[in-house]
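Subject: The structure you asked to look at

Hi there,

Here is the structure for you to explore.

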Amino acid sequence: MASVSNGEDAGGGAGQELVDLKIIWNKTKHDVKFPLDSTGSELKQKIHSITGLPPAMQKVMYKGLVPEDKTLREMKVTSGAKIMVVGSTINDVLAVNTPKDAAQQDAKAEENKKEPLCRQKQHRKVLDKGKPEDVMPSVKGAQERLPTVPLSGMYNKSGGKVRLTFKLEQDQLWIGTKERTEKLPMGSIKNVVSEPIEGHEDYHMMAFQLGPTEASYYWVYWVPTQYVDAIKDTVLGKWQYF
């Protein structure tokens, strides 16, 4: 991994408290000093000046997606923190097709043709077990960043306990059960689908598509609704280009 120093010109003026950051993008590490009271939006502008990557096309991660309206201090960023940046320049985006997006649209269209997932027999046998006693609390109607701890207390399709750990620095999703932990590169996950559980709409059932067909879906049940969007954004890397 190449390393680039951006020295004292990395942001901020006299009198501001600075924090040392390691910004990692495209296998290159940039060492910068940045004001602790600057916002995520200002950090994106700094990343733009370093990498040429427009802010709207950046996915910036520090213990989850970095919110634009919060300061680094509020996010509890400490000196030496690694800031992961994922994204492509406009030229990169225009130069390639997006088969992943097409696959997501096809999967969504297919979903709409069928009865609700939670009524299908293969899912009922898990859902009929009821809500796990140790499932994480849900916050209906809310959207939150991924927690700093693994999502736990959920079931997989065999009714066994499963936990999800998002290893952002390695760009991996770890799916852990009592027997083993699968370490999946984010880029290998072709799609993420989810649906509220009838009668418990503050929880979702969710599937990670690992191959070309539905047989490759890895199902997880009782995902707290406030984390659903953050999971999809983190795994699929969705940005607004324009």
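Below is what was found in it, starting with the whole chain and then moving to details.

A word on the ground rules: this is a predicted model, in which local features need pLDDT of at least 70 and side-chain atom pairs count only at pLDDT 80 or more, while totals for chains, interfaces and linings use all residues. Residues are numbered from 1 along each chain as its sequence is written, and side-chain values use heavy atoms, with hydrogens and water left out.

**The whole chain**

The chain has five helices and 12 strands. Helices (H or I, at least four residues) and strands (E, at least two) are DSSP runs, numbered from the N terminus. Of its 242 residues, 45% count as buried. Buried means under 20% relative accessible area, exposed means over 50%, and partly exposed is in between (1.4 Å probe, protein chains only). A contact means heavy atoms within 4.5 Å; among contacts between residues at least 6 apart in sequence, 56% join residues at least 24 apart.

**The cores**

A nonpolar core is a set of buried Ala, Val, Leu, Ile, Met, Phe, Trp, Tyr and Cys residues joined through side-chain atoms within 4.5 Å. The largest one has 27 residues, and those touching the most other members are Leu151, Leu164, Phe166, Leu173, Phe208, Ile231 and Val235. Among the elements that give two or more residues to this core are strand 6, strand 7 (161-167) and strand 8 (172-176). Helix 5 gives the most, with five residues. Because domain 1 (18-92) and domain 2 (117-236) both contribute residues, this core lies between them; the domain bounds come from an automatic or database domain assignment. Another core, of 20 residues, lies apart from it and includes Leu21, Ile23, Ile47 and Met75.

**Helix 5 and its surroundings**

Helix 5 is largely enclosed by the rest of the structure, because seven of its nine residues are buried. Those are Val228, Ala230, Ile231, Lys232, Thr234, Val235 and Leu236. After the helix comes Gly237, whose phi is positive, near 65°.

Which residue's side chain does Lys232 join through a polar contact of 3.0 Å? The partner is Ser194, which sits in strand 10 (residues 191-197) and counts as buried at 14% relative accessibility. A polar contact is a pair of N or O atoms within 3.5 Å; within protein, one must be able to donate a hydrogen and the other to accept it, and residues adjacent in sequence count only if both atoms are side-chain atoms.

Pro147 is in the loop between helix 4 (121-127) and strand 6 (151-156), and is partly exposed at 22% relative accessible area. Leaving out residues up to four places away in sequence, Pro147 touches Met136 and Tyr227.

**Aromatic rings**

There are three aromatic pairs in the structure. Rings of Phe, Tyr and Trp (its six-membered ring) pair if their centres lie within 6.5 Å; planes under 30 degrees apart count as stacked, over 60 as edge-to-face and the rest as tilted. Tyr203 and Trp222 make an edge-to-face pair, with 5.7 Å centre to centre and 70° between the planes. Tyr203 is in strand 11 and Trp222 in strand 12, so the pair ties together parts 19 residues apart in sequence. Both Tyr203 and Trp222 are buried.

Happy exploring!
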